[in-house]
Amino acid sequence: MNRFSVLTNIPESTKGLVRELRVRWMLEEMGLPYEEIRYPHPETKKEEYLKKQPFGQVPYFTSDGLCMFETGAILLHLALKHNKLLPTDEIKRAHVFTWLFAGLNSVEPWLFHHFVLKFDPDAATTTKEKALQLIDGKLRILSKELGEQEYFGESFSIADIVLTTILRTAQRLGTMGNYPNLLAYIERNESRPAFRRALEAHVKLYE
């Protein structure tokens, strides 16, 4: 059975944005059964949890004796294991890998930094403005590279799961107004039945 950890208590501002949504979405896309392993936040800082996820974050993922963490790695593992949401062509597959890691390494850390600063009452205005300028630069590049394409590749892939969830955070922060093609990209991917099922299950945790 595929199982992954989730939090049972999160701030209102992060509902629908927690990274376990990526794993849930992936499993829904592949039609695989799964179970949640629920933790209140304090439990994720205890030794038992840290043995599975040393950074005390969610999710960790277990299946058939495997235990791993980091959503990009989990999605790659599932895609390779089940041969889904990845092109079979070597060059096209490498292209998907590129955008997967671009989202995780070149965009998400800056967006997270901006997210933290925006809700920090002690952060200087100039610092917040600089962070916003940096993330806007990242979004400008994504918008240019996507252009009029539907996906960051020839078809929907694990890169789009990651990039959509990252851009949903940018949308929540109100930084997407200048990039209609990215907004259309989010809407297109959010309309997928697997995403709607994943989001509904995610939100139910906090009702």
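1. Thr 71 counts as buried because its relative accessibility is 6% (buried means under 20% relative accessible area, with a 1.4 Å probe and protein chains only). Beyond its neighbours within four places in sequence, Thr 71 is in contact with Arg 19, Arg 22, Val 23, Pro 59 and Leu 104 (contact means heavy atoms within 4.5 Å).

2. A word on what you are looking at: this is a predicted model, where local features need pLDDT of at least 70 and side-chain atom pairs count only at pLDDT 80 or more, while totals for chains, interfaces and linings use all residues. Residues are numbered from 1 along each chain as its sequence is written, and side-chain values use heavy atoms, leaving out hydrogens and water.

3. Next, have a look at helix α1 (residues 20–30) and helix α8 (residues 193–204), whose axes come within 8 Å and cross at roughly 135° (axes are lines fitted to C-alpha atoms, for helices over the stretch in contact, and angles run from 0 to 180 degrees between N-to-C directions).

4. Which residues meet where α1 and α8 touch? From α1 come Glu 20, Leu 21, Arg 24, Trp 25, Glu 28 and Glu 29, and from α8 come Ala 194, Phe 195, Arg 197, Ala 198, Leu 199, Ala 201 and His 202.

5. Finally, Ile 158 touches Met 26, Leu 75, Leu 76, Ala 79, Leu 85, Leu 86, Val 96 and Leu 100, setting aside residues up to four places away in sequence.

Notes
Helices (H or I, at least four residues) and strands (E, at least two) are DSSP runs, numbered from the N terminus. Buried means under 20% relative accessible area, exposed over 50%, partly exposed in between (1.4 Å probe, protein chains only).
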